[in-house]
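Biologist: Could you walk me through this model? Start with the terms, please.

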Amino acid sequence: MARTRRPVVEGWFTGDTVPDGEFRLLATRCPACAAVFFPRVDDVCRNPDCAGDGPLDELPLPPRGRVWSYTDGRYRPPLPYVSDPDVPWEPYVLLAVELAAEGMVVLGQAAPGVRTADLAVGMEVEVVPGVLNEDAAHTWTTWHWRPVRTTEDRA
């Protein structure tokens, strides 16, 4: 039986691609004041200075940003976090990525294999599809950040 792919939260990112071929996080923008929101807001602008009251427009966020901060999670979080206590805990890296044009910082896990030693504040990273969890029937998808490879890295 094939696993079905399900996003962790509907509407927060594209399926696997968008028309230009890139995976993107999906935000919303207020047409009245141009404020951008991620996670998306679909009902009303949260900007207290905005006089607009209409629907918000969907906005694919840029696929790249710069590391604003990062850290690693070396311990299993307490309840209500759900994890299998019989599976050994695997540390993970969490990044705060600045999207300068939108004036925001977006959090997310690093792609598998990325360690804190691989990162530096200010380095360019890109958003990629990731797997949060799998069982026999489903694969729950999410997003990850990974360093952008430069031409020197590929040599």
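Modeller: Buried means under 20% relative accessible area, exposed means over 50%, and partly exposed is in between (1.4 Å probe, protein chains only). The model is predicted, so local features need pLDDT of at least 70 and side-chain atom pairs count only at pLDDT 80 or more, while totals for chains, interfaces and linings use all residues. Residues are numbered from 1 along each chain as its sequence is written, and side-chain values use heavy atoms, with hydrogens and water left out.

Biologist: OK, is Ala34 buried, partly exposed or exposed?

Modeller: Ala34 counts as partly exposed, because its relative accessibility is 43%. Ala34 also has a positive phi of about 70°, although it is not a glycine.

Biologist: And where is Ala34 found?

Modeller: In the loop between strand 2 (26-29) and strand 3. Strands are DSSP runs of E, at least two residues, numbered from the N terminus.

Biologist: Switching topic: which residues touch the most other members in the largest nonpolar core?

Modeller: Among them are Leu25, Phe38, Leu61 and Trp143, in a core of 24 residues. A nonpolar core is a set of buried Ala, Val, Leu, Ile, Met, Phe, Trp, Tyr and Cys residues joined through side-chain atoms within 4.5 Å.

Biologist: Which strand gives the most to this core?

Modeller: Strand 6, with four residues.

Biologist: What joins Phe38 and Pro39?

Modeller: A cis peptide bond, with omega about 0°. Pro39 is found in the loop between strand 3 (36-37) and strand 4 (57-60).
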